[in-house]
Amino acid sequence: MTRDEHAPFLENIPAYAIGALDADETAALASHLEGCASCRTELAEYRALGESLLTALPPRQPPAALRKRLQSRLLGAQKTKRLTFNWSFSQLATGIALVVLLAMSFYSITQMRSLQLEQARLNRQIRTGQTVMSMLSYPATERLAINSESVVGSLLLDRERNIVALIVWNMPQLDETKTYQIWLINPQDERVSAGIFRPEDDRVYTTYIVFPEQSVTDFVGVGVTIEPAGGSDQPTGERVFKVDF
Amino acid sequence: MTDANESKLIERVARGDERAFLELYDRHASRVYGLTLRILGDPMLAEEVTQDTFLKLWSRARQYLAERGPFLPWLLTIARRVALDRLRLESRRPLLSDVNDPENVWHTVPDPGSTAEESRWRTLYFAVLSLHPDQRKVIELAYYQGMSQSEIAEVLNMPLGTVKTRLRAAMEKLREIWKEG
């Protein structure tokens with residue numbers, strides 16, 4: 001661009017800097033500024049001058065009532081401001097990261113708890129299996145048949161070591177409001193609770209070991225009934241099976 | 001430059017600290033009111049616009065970035081925009097006699113040289129006063145009334161070319177004085 005072509009733009013820069021240039025000339029100059037570094041430098045100086053002109057006016061004290069009015073307006077604005085989440089991007093990112101971290105931690109804890117429960121269930125199954133194996137291999141263990149309308153299985157009775165083991169096939173699953181309850185039956189036909197259990201989900205047979213508080217020789221038989229969840233003091237529900245020693 | 005104490009005040013305002021806000025008000029309200037009164041020429045309107053300006057500061061303090069420049073011009077830029085918007089809304093301009101008589105506008109100059117900042121604006125204040133009245137008139141109308149050069153030509157009933165020449169000459173003179181200062 002020649003000096004003559006450049007001059008009209010340069011002349012308009014002071015007016016442009018303080019917003020006094022008319023619209024048509026403003027558009028032309030803005031376009032020129034995009035490609036002219038020297039005009040941009042010139043503009044920066046005039047803009048700085050324009051900014052300083054703002055401060056060139058003498059101060060005037062506003063009425064004292066204005067300060068009080070602003071103070072009362074702030075009280076209203078303050079309430080709104082406290083209710084508004086005015087987060088910066090970094091605060092928002094930190095917040096999201098924390099939420100994700102908490103969610104991951106919660107998920108991990110839940111998973112760990114679930115694994116612990118599964119491990120405990122498997123340990124219980126192993127211990128029960130080992131007990132049953134040891135009872136079967138012990139010469140003094142008596143094996144009694146469980147045979148009712150609904151289930152079949154075996155009852156292992158070890159009077160010396162005071163252990164009773166139940167191995168029952170095809171026990172129906174119960175809803176959450178019910179449980180199976182084992183009763184030891186004494187010669188007076190009284191029932192003493194020996195525990196509650198639920199069938200394993202993944203097995204067709206259920207194994208349950210009873211370690212009676214009294215000597216098993218004090219009893220003459222074992223029965224199982226369906227009771228409300230948590231068990232009962234005395235049998236109240238349907239009998240599933242009964243085995244006499 | 002914005003001093004460190006003022007930067008902290010602005011940060012506190014951004015966090016909703018009312019006491020910090022009032023401290024900033026006490027520091028700068030007279031400058032804001034002086035500007036808005038100059039633009040609007042009406043004490044009642046100037047008071048309203050000063051209030052609007054500080055309410056904007058209250059809600060937008062977070063937008064102020066110290067690295068981009070001092071606080072006071074930033075605040076006064078907001079005040080000027082609010083005042084010019086109000087001027088357009090009211091569809092009114094102050095009487096030309098007000099504009100033509102600088103003594104009516106610039107009569108409350110405080111005693112000289114109490115602070116460095118006052119010294120700075122005083123330089124420009126006297127620079128504007130030193131302009132030829134015809135030049136000062138176009139600067140006043142352009143900068144403090146938000147008029148374009150065409151509007152100024154219409155108001156003053158003079159050729160557009162004359163307005164352009166006067167405005168350019170005035171700005172060049174102000175720049176020279178400002179750079180020397």
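Me: Where is Asn157(B) found?
Reply: This is a predicted model. Asn157(B) has a positive phi of about 55° although it is not a glycine. Most residues other than glycine have a negative phi. The residue is found in the loop between helix 9 and helix 10 of chain B.

Me: Is Asn157(B) buried or exposed?
Reply: The cut-off for exposed is a relative accessible area over 50%. Asn157(B) has a relative accessible area of 70%, so the residue is exposed.

Me: Which loop of chain A is the place of Asn162(A)?
Reply: Asn162(A) is not a glycine, yet its phi is positive, about 60°. Its place is the loop between strand 2 (152–158) and strand 3 (163–169) of chain A.

Me: How many helices and strands does chain A have, and in what pattern?
Reply: Along the sequence, chain A follows the pattern α-α-α-α-α-β-β-β-β-β-β-β-β. The totals for chain A are five helices and eight strands.

Me: What percentage of the residues in chain A is buried, and what share of its contacts with a separation of 6 or more comes from residues 24 or more positions apart?
Reply: Chain A has 245 residues, and buried ones make up 37% of them. Of the contacts in chain A with a separation of 6 or more, the share from residues 24 or more positions apart is 54%.

Me: What area do chain B and chain A bury between them?
Reply: The size of an interface is often given as the accessible area lost when the parts come together. Here 55 residues of chain B are in contact with 39 residues of chain A. Carbon and sulfur atoms carry 62% of the buried area, and the value for the two chains is about 4900 Å².

Me: Which helix of chain B supplies the largest share of the side that touches chain A?
Reply: There are 14 residue pairs in polar contact between chain B and chain A, both residues being at pLDDT 80 or more. Several helices of chain B each supply at least two residues of the side that touches chain A, among them helix 1 (4–14), helix 2 (18–40) and helix 10 (160–180). The largest share is 13 residues, and it comes from helix 2 of chain B.

Me: How do the residues on the side of chain B that touches chain A divide by type?
Reply: Gly is counted as polar in this division. The residues on this side of chain B divide into 32 nonpolar, eleven polar and twelve charged.

Me: How many salt bridges are there between chain B and chain A?
Reply: Over all chains, the structure holds 15 salt bridges. One that joins the two chains pairs Glu25(A) with Lys164(B), with the closest N and O atoms 2.5 Å apart. The count between chain B and chain A is five.

Me: Why does the salt bridge between Arg67(A) and Asp26(B) join two chains?
Reply: The closest N and O atoms of Arg67(A) and Asp26(B) are 2.8 Å apart. Arg67(A) is partly exposed, with a relative accessible area of 27%, and Asp26(B) is partly exposed at 46%. The pair joins two chains because Arg67(A) lies in helix 4 (residues 64–83) of chain A and Asp26(B) in helix 2 of chain B.

Me: Which residues do salt bridges with shared partners join into a network?
Reply: The side chains of Glu42(A) and Arg175(B) meet in a salt bridge at 3.3 Å, N to O. This pair crosses from helix 3 (residues 37–54) of chain A to helix 10 of chain B. Glu42(A) is partly exposed at 21% relative accessible area, whereas Arg175(B) is buried at 16%. The network consists of Glu42(A), Glu45(A) and Arg175(B).

Me: How many residues apart are Glu48(B) and Arg86(B)?
Reply: Their side chains meet in a salt bridge at 2.6 Å, N to O. Glu48(B) is partly exposed, with a relative accessible area of 34%, while Arg86(B) is buried at 17%. Glu48(B) is in helix 3 of chain B and Arg86(B) in helix 4 of chain B, and their separation is 38 residues.

Notes:
Residues numbered from 1 in each chain as written. Chains lettered and ligands numbered in written order. Heavy atoms only, no water. Contact = heavy atoms within 4.5 Å. Buried area = accessible area lost by both parts, 1.4 Å probe. Salt bridge = Lys/Arg side-chain N within 4 Å of Asp/Glu carboxyl O. Polar contact = N/O pair within 3.5 Å; in protein donor to acceptor, adjacent residues only side chain to side chain. Helix = DSSP H or I, 4+ residues; strand = E, 2+ residues; numbered from the N terminus. Buried < 20%, exposed > 50% of the residue type's maximum accessible area, 1.4 Å probe, protein only.
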